[in-house]
Amino acid sequence: MQTIPYLRKTGVAPFTDRGIKKAGQLLKPWSGEDVKGIAIAGAPLSKTSISHSGAFMAPQTIRQMMHAFSTYSIEQETDMWDGVITDFGDIEMHVTDLIESQNRIYSALKDIQDLHKEALVITLGGDHSVSAGAIKAFQETRGRVGIIQFDAHFDLRNTEDGGPSNGTPFRQLIENGVISGDQLVQLGIRDFSNGRLYHDYAKNHGVTVYTMGDIKREGLLTLLKKTVEQLKQTTDNIYISLDMDVLDQAFAPGCPAIGPGGLDSDSLVEGIQWLAENPSVKGMDIVEIDPTLDFRNMTSRLAAYIIMQFSLFYSKREGGK
């Protein structure tokens, strides 16, 4: 094998320090073998967005931003140096058939979770439309699902006005009989970001809704503890759907639907840490990041940081499961 001095492979850090390993180096392409623990899969679909969105670019950008962090947590004095996050790659989207693209997301994620019973898959969107297929696949492979949705919006819009879009995933799940409303808890719903019609729909279908006002009054961790206990009564496993626009626009400028009055990043990270330690949590998606709108990839960096925090606290589970 030929070698040439000073040539460096593309995609690696421009500077190597023997005492630091980059978080991006934990990502290992799926080799075809059985997978246990944290894994990621990209669902690069955003043509289904009701507004302009380049969120299809987010999976690759989030992967790149993993290299912005090291594997060492000073707060926990824990190094994930020897850890592995399996990367299943991106699901191939159809160029023009959006329904086919959504079906591919469902099919691929179902196959992944059928084959890898002990994998906790984090799906990287894409817009929020990807969650309909992702959650359907999760329920069919992991049992009756309880959903914790972080979001500024209900995403319960009707499908008559625009078809299945990033504003309809939870309406689709309810109306297609995949879930009932009592399997869904929404946190972070914001003022002047929704319509009364969809609030009424949530109430009429038994969806639990916590607004930003509720979070400010009671605290996010308090509500998450209440939510997990509630969902554990009637479901088998919990799925987190994280729409990054739950964050205030100051913390997530790369979301297509930014706005004031949202969560701060510290509160969200603390909530994700707590959920990651809970053995009932078995799946997750991160959606609604448009790298073309972002500033210095702030929002993708935060998504990468959340993956690292989730992985760290997941490792604290008894038996690492």
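**Entry 1: helix 8 on helix 9**

I began with helix 8 and helix 9, which pack at an angle of about 30 degrees with their axes 8 Å apart. For the terms: axes are lines fitted to C-alpha atoms, for helices over the stretch in contact, and angles run from 0 to 180 degrees between N-to-C directions. Helices (H or I, at least four residues) and strands (E, at least two) are DSSP runs, numbered from the N terminus.

Before going on, I noted that this is a predicted model, where local features need pLDDT of at least 70, side-chain atom pairs count only at pLDDT 80 or more, and totals for chains, interfaces and linings use all residues. Residues are numbered from 1 along each chain as its sequence is written, and side-chain values use heavy atoms, with hydrogens and water left out.

Helix 8 passes helix 9 in a right-handed crossing. A crossing is right-handed if the near helix is turned clockwise from the far one by less than a right angle, and left-handed if anticlockwise.

Which residues meet here, in helix 8 and in helix 9? From helix 8 I listed Ser265, Leu268, Val269, Ile272, Gln273, Ala276 and Glu277, and from helix 9 Leu302, Tyr305, Ile306, Gln309, Phe310, Phe313 and Tyr314. Contact means heavy atoms within 4.5 Å. By class, this contact of helix 8 with helix 9 has 10 nonpolar, 3 polar and 1 charged residues. Ala, Val, Leu, Ile, Met, Phe, Trp, Tyr, Cys and Pro count as nonpolar, Asp, Glu, Lys and Arg as charged, and the others, Gly among them, as polar.

**Entry 2: the two helices one by one**

I checked lengths next. Helix 8 has 13 residues and reaches 19 Å from its first C-alpha to its last, close to the 18 Å expected at 1.5 Å a residue. The expected span is 1.5 Å times one less than the number of residues. For helix 9, the 17 residues should span 24 Å, and the end C-alpha atoms are 24 Å apart, which agrees.

Buried means under 20% relative accessible area, exposed over 50%, and partly exposed in between (1.4 Å probe, protein chains only).

In helix 8 the buried residues are Ser265, Leu268, Val269, Gly271, Ile272, Gln273, Leu275 and Ala276. They pack against strand 7 (145–150), helix 7, strand 10 (237–243), strand 11 (281–287) and helix 9 (298–314).

**Entry 3: helix 7 on helix 8**

Helix 7 (residues 220–232) packs on helix 8 (residues 265–277) at about 30 degrees, with the axes 10 Å apart. That makes helix 7 roughly parallel to helix 8; angles under 35 degrees count as roughly parallel, over 145 as roughly antiparallel, 65 to 115 as roughly perpendicular and the rest as oblique. The crossing of helix 7 and helix 8 is right-handed.

I then looked up Trp274, which is in helix 8. Trp274 touches Leu221, Leu224, Lys225 and Val228, not counting residues up to four places away in sequence. Its relative accessible area is 24%, so Trp274 is partly exposed.

**Entry 4: helix 2 on helix 3**

Helix 2 (residues 98–115) and helix 3 (residues 130–142) pack at about 30 degrees, with their axes 8 Å apart. That makes helix 2 roughly parallel to helix 3, and their crossing is right-handed.

Gly126 lies in the loop between strand 6 (119–125) and helix 3.

Glu77 has a positive phi, near 50 degrees, without being a glycine. Glu77 sits in the loop between strand 3 (72–73) and strand 4 (78–79), and at 66% relative accessibility Glu77 counts as exposed.

Glu288 also has a positive phi, about 70 degrees, although it is not a glycine. Glu288 is in the loop between strand 11 and helix 9, and is buried at a relative accessible area of 4%.
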